[in-house]
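Visitor: Please take one part of this model and go through it closely, with the cut-offs behind each term.

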Amino acid sequence: MSTTITVQDINKLRQATGAGMMDCRKALTETNGDFEAAIDWLRKQGQKIAAKRSDREAKEGVVIAQTTADNKTGIVVCVSCETDFVSKNEDFVAFVKTIADAALNNNVNSIDELNEVVVNGVKVSELVNDKLASIGEKIGITKFEKVTAPYVAAYIHGAYRIGVLVGLDKEAAQVGKDVAMQVAALSPVAVDANSVPADILEREKSVIMEIIKADPKMAGKSEDMLAKIADGKLNAFFKESTLVAQAFVKDSSKSVGDYLKENGDVKVLEFKRVALG
């Protein structure tokens, strides 16, 4: 004997899961009106949807950067989706903030750890899957970064499109905010020349040497001369691409390093920049 599915039952399931009316009706029909089983059925459908959508690109999304109350730890989380219609939705932004809170409150160190965190009795991975089922787009936690320092500043730029964390050696709220804005705007590759990752440094050196060798004006010059020219171009790269050497966005007459010295000789220990795409 078939179970009668009422409009009230469908609405209850819809409110609990965020899934569409027709999906909720089908879930209850497939599970003979068993509410909990219907929720599981929808989750399973969400997993199937995720599999079907694995080839879809999720270039939109929401990036949240925030710190603990004592500003000792900060995290950045990016939850991607397919369209800006979803990413600009207040409910979706609130959903990502819930995930960011879970990351911060549980002191997680990776996306895998974050997916295992339980919020109101449900794993974050399941919350994401439920949201996928309700909105019908491929979504997922795609980026995660964490900074721990004596003082961490967090900054969100451009309607949740870029999130930045800056770790300082001492408390300096305004400096932290200004430096975070700098990182968001100019995307440096490292704090200073000494901290440029080896792979980036080698790639830059290789590009510089190729440019020099391809220049007819360099024909016949000694190896020592070519090396000096390469060093000069590498120094220009450091000035443009490392944080403390960059021109300060708020006052281009000084470098970020100058600004830090003028404001309590604050030192940037590290930074993280997460952007959509």
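Guide: What follows looks at one hairpin and the helix after it, then at a sheet and one further helix. This is a predicted model, in which local features need pLDDT of at least 70, side-chain atom pairs count only at pLDDT 80 or more, and totals for chains, interfaces and linings use all residues. Residues are numbered from 1 along each chain as its sequence is written, and side-chain values use heavy atoms, with hydrogens and water left out.

Helices (H or I, at least four residues) and strands (E, at least two) are DSSP runs, numbered from the N terminus. Two strands count as paired if DSSP finds at least two bridges between them. Strand S6 (residues 151-157) and strand S7 (residues 162-168) run antiparallel and are joined by 7 bridges. Within this pairing, Val-152 has Gly-167 of S7 as its bridge partner. The hairpin of S6 and S7 has 4 residues between the strands, and Gly-158 takes a positive phi near 60° there.

Helix H8 (residues 173-186) has 14 residues and reaches 20 Å from its first C-alpha to its last, close to the 20 Å expected at 1.5 Å a residue. That expected span is 1.5 Å times one less than the number of residues. Buried means under 20% relative accessible area, exposed over 50%, and partly exposed in between (1.4 Å probe, protein chains only). In H8 the buried residues include Val-175, Val-179 and Val-183, as well as Gly-176, Asp-178 and Gln-182. Ala-180 and Ala-184 of H8 are buried too. Just after H8, Ser-187 takes a positive phi of about 45°.

Elsewhere, 3 strands form an open sheet in the order S1-S2-S5, with antiparallel pairing. Strand S1 (60-67) and strand S5 (140-148) are the edge strands, each pairing on one side only. S1 pairs with strand S2 (residues 73-81) over 8 bridges in the antiparallel sense, and Ala-65 stands opposite Val-76 in S2.

Last, helix H2 (residues 21-30) has Cys-24, Ala-27 and Leu-28 as its buried residues. These cover an arc of only 95° around the axis, which puts them on the same side of H2; the arc is that of the directions from the helix axis to the C-beta atoms. Just after H2, Asn-32 takes a positive phi of about 55°.
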